[in-house]
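Please open the structure in your viewer and keep the selection tool at hand, for this tour moves from one stop to the next and says at each what to select and what is there.

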Amino acid sequence: MNISSYIYGTSFYHKLDVRPKLFFTLLFSVISFVLSSHISIAVIFILPLIIMMLSVGKGETWRCYSRLLPLFVIMILFIPFQNRDGHSLLVVRGFTLATEEGFWNVLRIISRLGGISGVLMLLLLTERNESIIRGLRAFHLPYNASLACSMILRYIPYLGHLFSEIRDAMSLRLEEGKRGYPMLPSITALVISAIRMIPDTASALEERGFGRIKPPKERIPHPSGYLIQWLFSVIIPLSLLLVR
Amino acid sequence: MLTADLSFSYADGRDIFHSLSFSLKKGGKILIISEPGSGKSTLSRILTGALPGYTGGTITGHAEIDGKDILSLLSYERMEMIGRVSQNTDELLLFSSVEEEISFPLINMGLDKEEREKRISSSLEFFGLTQYRGVSTSELSGGEKRRLILSILFAIDPDIYILDEAFDELSPYWRGRLRDTIRSSERSMIVLGSHMLGEYVDTFDNILSIENGTLRPYTPHDSSFAIPVMKKGGSLLRAEDLSIERMHRSAGSTFTLSVPDFELCEGECVTLLGDNGSGKSSLARVLSGLLKEKSGSVSIDGKALTVRERRHDVAYLMQNPYEELFLPTVSDELESTGASSERIDSVLSLFSLERGEYVQELSYGKAKMVQAAIFLLLGRRFAILDEMDSALSTEDFYKVISSFLENGTGVLVITHDMNVAATLPGRKLMIEGGVLNEH
């Protein structure tokens with residue numbers, strides 16, 4: 001699983017200490033489930049998007065969010081199945097295709113998915129794996145659990161990377177005149193590879209000494225403006241609760 | 001120091017070894033040369049504890065280091081006794097940066113920060129990776145990954161090193177450096193290879209071979225391969241004024257390769273040489289349409305090709321075959337090419353492959369043969385073979401090249417082996433100082 005989403009940078013989000021950053025990520029994700037007004041839901045989607053653009057640029061932001069687009073499209077296609085007994089929004093030949101409540105419900109889900117994915121991607125784009133482990137350990141999480149968390153966080157971007165490798169490999173086999181790649185074999189191949197890598201990773205970890213000792217916790221020095229960083233991480237997500 | 005007498009069969013009942021026995025004295029150097037699929041990597045995995053592990057299988061016999069039974073120890077309990085460099089570099093890379101990969105085992109060895117820093121710095125410096133310390137491992141070239149895996153093992157510094165095809169993907173300079181290190185090291189070393197390299201001469205105390213599941217003294221045999229013959233003619237693949245940018249996003253650095261002019265005719269064989277990380281694979285990706293060039297053009301018979309169009313004409317056999325093999329069985333892989341059953345059978349027979357074999361259970365060398373079989377069946381006009389000679393026997397390598405050339409395919413061979421380059425027909429190209437030129 002030798003994939004890293006980390007992108008070198010000197011943005012304010014790169015400079016934010018990993019401890020307040022982890023707290024911000026968690027608090028933002030939790031609060032996104034509490035909010036329900038249209039504006040607050042929009043902010044949940046837009047805020048990580050803006051921070052990402054400021055931190056890693058438009059190109060990388062597009063690269064991250066474009067991977068979510070197929071999921072958004074699938075959700076939009078499910079609008080007709082949502083809240084069938086609500087107020088009609090789109091009617092075709094007397095048949096209610098979508099209701100107002102169904103539409104907003106799907107937008108809410110898309111916004112939460114986009115917001116939480118965005119804030120998690122931001123964490124991975126601006127922090128190295130070892131920093132995330134150190135940060136989690138600062139919250140008294142055991143070493144093994146911190147390592148597992150950091151690997152799980154990287155597992156989904158890794159699957160994205162693996163899928164693009166499979167897609168490239170498949171595209172090299174296409175017949176003349178054909179475009180794209182065969183979707184079903186590619187997804188099957190992804191599932192096989194993803195399952196196979198679990199025992200391989202476990203075995204590689206043990207060969208490198210995982211489980212041999214409990215590494216002592218390393219003290220992370222406080223950077224300048226540490227208190228302000230914490231205030232940013234707490235106040236910004238909490239202020240979303242005031243949005244009506 | 002190390003004595004072993006091992007028999008092993010996988011969980012599915014496949015027997016790999018029958019009473020494979022050998023001994024290695026302290027500071028001794030053994031070379032084991034044998035065909036792909038003979039069980040070299042399996043042996044290294046058993047000794048380090050990766051097998052049976054989570055894969056399963058049955059080991060009988062014993063393996064002892066200084067009289068201590070290592071088979072009863074967990075992998076992490078053996079790490080200071082015996083360690084390996086795997087053939088598939090991606091198999092052992094787990095973390096997000098070069099530094100983290102090396103520091104992880106050192107942390108688990110309980111070393112203090114000062115000692116860790118000392119070992120990380122010296123191993124990175126020794127293998128020329130100091131400037132990549134903060135770089136993501138996924139952004140390294142094949143040869144750089146190999147050097148990283150070596151630097152991890154050298155930082156751990158176990159009593160016995162197992163180097164599984166560790167010379168593969170290394171440039172001549174790094175091969176020479178590794179050979180000198182093996183010769184001068186006081187540690188015991190087991191080197192596994194599928195064909196003889198110049199660097200192996202006068203380096204080992206003992207050369208063995210795995211034959212029918214047992215170890216025997218190695219006897220050089222007369223190779224029965226014919227030097228590939230070119231049948232030049234037909235279309236011309238051309239790249240003009242190419243500029244290729246390779247980015248290390250994790251470190252904020254970039255590398256640019258310039259290709260003023262590159263030509264490859266159908267049926268022609270051209271060899272490409274260059275140091276690790278010089279941009280050989282990036283050029284291959286651009287020519288095959290997997291990477292977009294920064295500027296310049298790629299054309300066939302004067303018609304400029306888009307990135308997508310190149311994929312239909314230029315096959316790219318990647319350095320790591322597992323990056324291109326994703327379907328369950330050999331049969332599934334070959335049938336995905338749309339070739340007729342008769343053609344598939346003839347290629348299976350030519351490359352000594354079996355339909356029902358599971359791809360993920362194939363040895364690295366066999367996986368390379370499947371990869372070659374797929375692109376041979378696809379019948380592209382041009383093929384780029386990225387370090388195809390590594391992990392294959394000499395006979396198999398020349399068999400692959402000859403098969404493509406006989407089909408009239410223009411072949412670009414990327415290699416680090418100067419002997420291979422010397423025996424192949426056709427022009428030689430070299431990337432030096434970020435520019436591709438005739439060698």
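This is a predicted model: local features need pLDDT of at least 70, side-chain atom pairs count only at pLDDT 80 or more; totals for chains, interfaces and linings use all residues.

Now widen the selection to the whole of α8(A), residues 183-207: at 1.5 Å a residue, its 25 residues should span 36 Å, and because the C-alpha atoms at its ends are 36 Å apart, the two values agree.

Which residues of α8(A) are buried? Colour Ala189(A), Asp200(A), Ser203(A), Ala204(A), Leu205(A), Glu206(A) and Glu207(A), which are the buried residues of this helix. To see what covers them, show α7 (143-171) of chain A and, from the other chain, α1 (40-48) and α2 (75-78) of chain B, all of which are included in that cover. After the helix comes Gly209(A), whose phi is positive, near 100°.

The next stop in chain A is helix α6(A), residues 129-138, whose buried residues are Asn129(A), Ser131(A), Ile132(A), Ile133(A), Gly135(A) and Leu136(A). The cover over these residues includes α2 (18-34) and α7 of chain A, and with them α3 of chain B. Just after α6(A), select His140(A), which takes a positive phi of about 65°.

Step back now and select the whole of chain A, which has 9 helices and 2 strands. Followed from the N terminus, its elements run α-α-α-α-β-β-α-α-α-α-α. The C-alpha atoms of the chain fill a box of roughly 70 × 55 × 30 Å along the principal axes, and buried residues make up 32% of its 244 residues. Among the contacts in chain A with a separation of 6 or more, 71% are between residues 24 or more positions apart.

With both chains shown, turn to the place where they touch. How many residues of chain B are in contact with chain A? There are 50 of them, and they are in contact with 42 residues of chain A. On the chain B side, at least two residues each are supplied by α2, α3 (98-108), α8 (307-313), β16 (314-317) and α11 (364-378) of chain B, and the largest share, 5 residues, comes from α3(B). Coloured by class, this side of chain B has 22 nonpolar, 20 polar and 8 charged residues.

In chain B, select the strands of an open sheet of 4 strands, which has the order β2-β1-β4-β5 and antiparallel pairing. Its edge strands are β2 (15-24) and β5 (68-69) of chain B, each of which pairs on one side only. Within the sheet, β1(B) and β4(B) run antiparallel and are joined by 8 bridges, and here Thr3(B) has Glu64(B) in β4(B) as its bridge partner. Strand β4(B), residues 58-65, is also joined to β5(B), antiparallel and by 2 bridges; Glu64(B) has its bridge partner in Asp69(B), while Ile65(B) stands opposite Lys68(B). Zoom in on the hairpin that β4(B) and β5(B) form, with 2 residues between them, and select Asp66(B) in the turn, which has a positive phi of about 50°.

The last stop is another open sheet in chain B, in which 6 strands stand in the order β6-β7-β8-β3-β9-β10 with mixed pairing. At its edges are β6 (82-85) and β10 (214-217) of chain B; each has a single partner strand, so one side of each is left without a neighbour in the sheet. Neighbouring strands of this sheet are turned by 25° against each other on average, direction ignored. Select β9(B), residues 206-211, which is joined to β10(B) by 4 bridges in an antiparallel arrangement, and find Leu208(B), whose bridge partner in β10(B) is Pro217(B). Finally, show helix α5 (residues 142-156) of chain B, which lies across β6 and β7 (160-164) of chain B and runs at about 170° to β6(B).

Note on methods
Residues are numbered from 1 along each chain as its sequence is written. Chains are lettered from A and ligands numbered from 1 in the order in which they are written. The expected span of a helix is 1.5 Å times one less than its number of residues. A residue is buried if 20 or more other C-beta atoms lie within 10 Å of its own, exposed if 12 or fewer, and partly exposed in between; C-beta atoms are placed from the backbone. Two residues are in contact if their C-beta atoms, placed from the backbone, lie within 7 Å. Two strands pair if DSSP finds at least two bridges between them. Axes are lines fitted to C-alpha atoms, for helices over the stretch in contact, and angles run from 0 to 180 degrees between N-to-C directions. Ala, Val, Leu, Ile, Met, Phe, Trp, Tyr, Cys and Pro count as nonpolar, Asp, Glu, Lys and Arg as charged, and the others, Gly among them, as polar.
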